[in-house]
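Please open the model in your viewer and keep the selection tool at hand. The stops below go in order.

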Amino acid sequence: MEKTFRNYDQSDVTAAVREHYRKMRKNQTVEYVGRMHEKYLTFDKPMDLWDAMAHLNDLIDVSDPDLNLPNVQHLIQSAEAIRADGRPDWMQLTGLIHDLGKVMFLWGSDEDGTSQDEQWGTVGDVFVVGCALPDTCVYPEFNSLNPDMRDDRYNSPTGIYEKGCGLDKLELAWGHDEYLYQVLSKHEENALPEEAMVMIRYHSFYPWHTGGSYTELLSDKDRYYLEIIRDFNKYDLYTKSQKTYDLEQIKDYYQPIAEEYLGQGPIYW
């Protein structure tokens, strides 16, 4: 029988997944996202790329109904599938690092939802803050818990945004996507192409790229973004399995690629 992915109604999805999304929907507001940007986008914590990768041996994504392995395994699975298909080396590297923003748990807190135990500020499908929550969100019954949905500034289809402003003008729920995107945007040695940065920033934005929501806010450029994300999603989602890898064994292949696009120095988190 073919494996299905992202089935949140299956009986073996733990209550923890549902509870994760309840907390995420309740707490991810315009005010919260602003505070997280101020708190975490400090770029003052130098860490080597491979040290960051190794730290993801200690994190299991509680929002993922498909995989219960340490997150580093998902990254290697994604990269190796991209490599096997003969895709460009920059895309292979993007597969390897796309979830690396989850290292936020190293300096996160339960209160922010950015710790190992409380991950609602780090992982899970993201949505736009500052406008109405769509019913394409996972567990849409939790949308009404969000305080912003009782604020007329934030509860219309466009909310605080201009119609057709485009994805890059939107504030998304805080998580590992935006965190890594911002970190790499500030990284002076970053030579990854725009397509890679789009993959990193929007791969968890399922209500848009899979649910078809937020049409009022999209720009012409976002059609190109959608092609990029749907291409990457094949490797982010459908490569999940119980196969495991040794990080040290794959490092010999990926290190020269990482040095070409990210340099040899530390990344400032």
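Predicted model: local features only at pLDDT ≥ 70, side-chain atom pairs only at ≥ 80, totals over all residues.

Residues are numbered from 1 along each chain as its sequence is written, and side-chain values use heavy atoms, with hydrogens and water left out.

**Cysteines**

Select C131 and C165. Searching the whole structure for disulfides (pairs of cysteine sulfur atoms within 2.5 Å) gives 0. For C131 the closest cysteine sulfur is that of C165, and at 9.0 Å it is too far for a bond. Now colour by accessibility, where buried means under 20% relative accessible area, exposed over 50% and partly exposed in between (1.4 Å probe, protein chains only). C131 is buried at 1%, and C165 is partly exposed at 22%.

**Aromatic rings**

Next, show Phe, Tyr and Trp. Their rings (for Trp, the six-membered one) pair if the centres lie within 6.5 Å; planes under 30 degrees apart count as stacked, over 60 as edge-to-face and the rest as tilted. The whole structure holds 11 aromatic pairs. Select Y179 and W269: the ring centres are 6.0 Å apart and the planes stand at 50°, so this pair is tilted. Y179 belongs to helix α6 (residues 176-186) and W269 to the segment after β2 (267-268), so the pair ties together parts 90 residues apart in sequence. Helices (H or I, at least four residues) and strands (E, at least two) are DSSP runs numbered from the N terminus. Y179 is buried, with a relative accessible area of 0%, and W269 is buried, also with 0%.

Then select Y202, F205, W208, Y214 and Y225, which form one aromatic cluster.

**Charges over rings**

A charge sits over a ring if NZ of Lys or CZ of Arg is within 6 Å of the ring centre and within 35 degrees of the ring normal. Select R18 with Y139: R18 lies over the ring face, 5.1 Å from the centre. Then select K45 with W107, where the charged end of K45 is over the ring at 5.1 Å from its centre.

**The nonpolar core**

Which residues touch the most other members of the largest nonpolar core? Among its 77 residues they are L96, I97, L100, L192 and W269. Such a core is a set of buried Ala, Val, Leu, Ile, Met, Phe, Trp, Tyr and Cys residues joined through side-chain atoms within 4.5 Å. Helix α10 (residues 247-262) supplies the largest share of this core, 7 residues.

Finish on L192. Its contacts (heavy atoms within 4.5 Å), not counting residues up to four places away in sequence, include W90, L93, I97 and Y261.
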